[in-house]
Amino acid sequence: MDAQQTQPSDGFYSFLAWLEVNKRKVMIWSAAAVVLVIVAIAVISYQAQKERRASEALSNVRSPSTASAGAPPAGAAEAYLRVAKDHAGTQAAARALLLAAAAKFQEGAYPDAHKLYEEFIRDYPESRWSPQAYFGAASALDAQGKAADATKQFEELRRRYPNDAVADETKLALARLY
C-alpha cells in the first residue's frame, strides 16, 4: 500500500487547525445562520397565516348567489371594504376591494364605484384583476354620462390588456361610445 493513500492529506490537517483557531467565530456565524433561518421561516409562516385569515374573512361576507342575480345584499359593499381595510396588502383584500366596487356599481353609486376601482388600480397595479378594475372604472364613468373620460379609460384598457378576457367587452363598449 502506498503511504500517501492511507494518511489524511495536509489540507485536512490545515482545515482542522484553522477550525481549532477560529472555533468561536465559526460557532457565532453558525448560530447567526440558524437564527436567520428561523426568522425567515417565521416570517413566511406569518405571511401565509395572514393570507389565510384574509381569505376566510372574505369568504365570510355574504354575497348574492348567481340565482338571485340582482342587487347585492344591503351592506355588502361596506363588509367588503372592511375586509379590504383590515387585511390590506393581501390578495383577499385586493379581491374584496374589487368586489366592493362592483357592489357599489350594482347599487347605482357610480361615483363611489369609480373611486373604489381607481383605488384598486392605484393600490394593486400588478394584480391579476387589474383589467377588471380598469373595465369597472371606465364603465362607472360611462354610467355617469362622462363619455369622453370613459372612452379614454376604455382605450387605455384596450392598449394595456389586448389579450385579456375583457378585451371583447371593451371593444363593444368603445363601439357603443363611438
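Me: Which residues does Lys 104 touch, leaving aside its neighbours within four places in sequence?

Reply: This is a predicted model. In it, Lys 104 is in contact with Ala 77, Glu 78, Ala 109, Asp 112, Ala 113 and Leu 116. Contact here means heavy atoms within 4.5 Å. Lys 104 itself is found in helix H5, residues 91-107.

Me: Why is Lys 104 called buried?

Reply: Buried means under 20% relative accessible area. Lys 104 has 12% relative accessibility, so it counts as buried.

Me: What makes Leu 81 partly exposed?

Reply: Partly exposed covers the range between the buried limit of 20% and the exposed limit of 50%. Leu 81 has 29% relative accessibility, so it counts as partly exposed. Its place is in helix H4, residues 76-86.

Me: What does Leu 81 contact, its neighbours within four places left aside?

Reply: Leu 97, Ala 100 and Leu 116. As for Leu 98, it is 17 residues from Leu 81 in sequence. In space the two are 9.1 Å apart, C-alpha to C-alpha.

Me: Why are H4 and H5 called roughly antiparallel?

Reply: Two packed helices are described by the angle between their axes and the distance between the axes. The axes of H4 and H5 come within 8 Å and cross at roughly 160°. Angles over 145 degrees count as roughly antiparallel. The two helices are therefore roughly antiparallel to each other. Their crossing is left-handed.

Me: Which residues make the contact between H4 and H5?

Reply: H4 brings Ala 77, Glu 78, Tyr 80, Leu 81, Val 83 and Ala 84. H5 brings Ala 93, Ala 96, Leu 97, Leu 99, Ala 100, Ala 103, Lys 104 and Glu 107. By class, that is 11 nonpolar, no polar and three charged residues.

Me: How do you know that H8 is roughly antiparallel to H9?

Reply: Use the angle again. Helix H8 spans residues 147-160, and helix H9 spans residues 167-177. Their axes come within 10 Å and cross at roughly 150°. The cut-off is over 145 degrees. That makes H8 roughly antiparallel to H9. The crossing of H8 and H9 is left-handed.

Me: Which residues form the contact of H8 and H9?

Reply: From H8 come Ala 147, Ala 150, Thr 151, Phe 154, Glu 155, Leu 157 and Arg 158. From H9 come Thr 170, Lys 171, Ala 173, Leu 174 and Leu 177. The classes are seven nonpolar, two polar and three charged residues.

Me: What makes Ser 139 buried?

Reply: The limit is under 20%. Ser 139 has 15% relative accessibility, so it counts as buried. Ser 139 lies in helix H7. Its contacts, beyond neighbours within four places in sequence, are Phe 105 and Phe 154. Thr 151 is 12 residues from Ser 139 in sequence and 9.5 Å away in space, C-alpha to C-alpha.

Me: What makes a set of residues a nonpolar core?

Reply: The residues must be buried, of nonpolar kinds such as Ala, Leu or Phe, and joined through side-chain atoms within 4.5 Å. The largest such core here has 36 residues. Those with the most contacts inside it are Tyr 80, Tyr 117, Phe 120 and Phe 154. The elements giving two or more residues to this core are helix H3 (23-59), H4, H5, helix H6 (110-123), helix H7 (130-143), H8 and H9. H5 gives the most, with eight residues. In soluble globular proteins, nonpolar side chains tend to be buried together.

Me: How many helices and strands does the protein have?

Reply: Nine helices and zero strands. Of the 178 residues, 31% count as buried.

Conventions: Residues numbered from 1 in each chain as written. Predicted model: local features only at pLDDT ≥ 70, side-chain atom pairs only at ≥ 80, totals over all residues. Heavy atoms only, no water. Axes fitted to C-alpha atoms, helices over the stretch in contact; angles between N-to-C directions. Helix = DSSP H or I, 4+ residues; strand = E, 2+ residues; numbered from the N terminus. Parallel < 35°, antiparallel > 145°, perpendicular 65-115°, else oblique. Left-handed = near helix turned anticlockwise from the far one by under 90°. Nonpolar A, V, L, I, M, F, W, Y, C, P; charged D, E, K, R; others polar. Buried < 20%, exposed > 50% of the residue type's maximum accessible area, 1.4 Å probe, protein only.
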